[in-house]
Amino acid sequence: MRFAINIKELREEKNLSQEQLAKLTGISQSAIAKWELSKAEPTASMLIALAQFFDLTVGQLLGVEEI
């Protein structure tokens, strides 16, 4: 899943740990870890929060639009 790759790459580009990203977005670290491993998918509200944090569209975050 492209989302799993994107979220990890975006997080690493900002030099953030999963825990740091969790604190900054209000999303649990365990959720972020599961997404990066493609073991779970985010809710719509979580996608919106992440897109806003990374200043992207949800489509870009999901990999259906170019970043």
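## The nonpolar core

Of the 16 residues in the largest nonpolar core, those that touch the most other members are F3, I7, W35, L50, F54 and L61; such a core is a set of buried Ala, Val, Leu, Ile, Met, Phe, Trp, Tyr and Cys residues joined through side-chain atoms within 4.5 Å. Two or more residues are given to this core by each of α1, α2, α3 and α4, and the largest share, four residues, comes from α4. Helices here are DSSP runs of H or I with at least four residues, numbered from the N terminus.

The model is a predicted one, in which local features need pLDDT of at least 70 and side-chain atom pairs count only at pLDDT 80 or more, while totals for chains, interfaces and linings use all residues. Residues are numbered from 1 along each chain as its sequence is written, and side-chain values use heavy atoms, with hydrogens and water left out.

## Surroundings of W35

Leaving aside residues up to four places away in sequence, W35 touches F3, A4, I27, A40, E41, P42, M46 and L50, where contact means heavy atoms within 4.5 Å.

## How α2 meets α4

Helix α2 (residues 18-25) packs against helix α4 (residues 44-54) at an angle of about 100°, and their axes are 10 Å apart. The two helices are therefore roughly perpendicular to each other, a class that covers angles of 65 to 115 degrees. Axes are lines fitted to C-alpha atoms, for helices over the stretch in contact, and angles run from 0 to 180 degrees between N-to-C directions.

From α2 the contact is made by L21, L24 and T25, and from α4 by L50, F53 and F54. These residues divide into five nonpolar, one polar and no charged.

V64 is found in the segment after α5 (58-62), and at 67% relative accessibility V64 counts as exposed. V64 and L47 are 17 residues apart in sequence and 13 Å apart in space, C-alpha to C-alpha.

How values were computed. Parallel < 35°, antiparallel > 145°, perpendicular 65-115°, else oblique. Nonpolar A, V, L, I, M, F, W, Y, C, P; charged D, E, K, R; others polar. Buried < 20%, exposed > 50% of the residue type's maximum accessible area, 1.4 Å probe, protein only.
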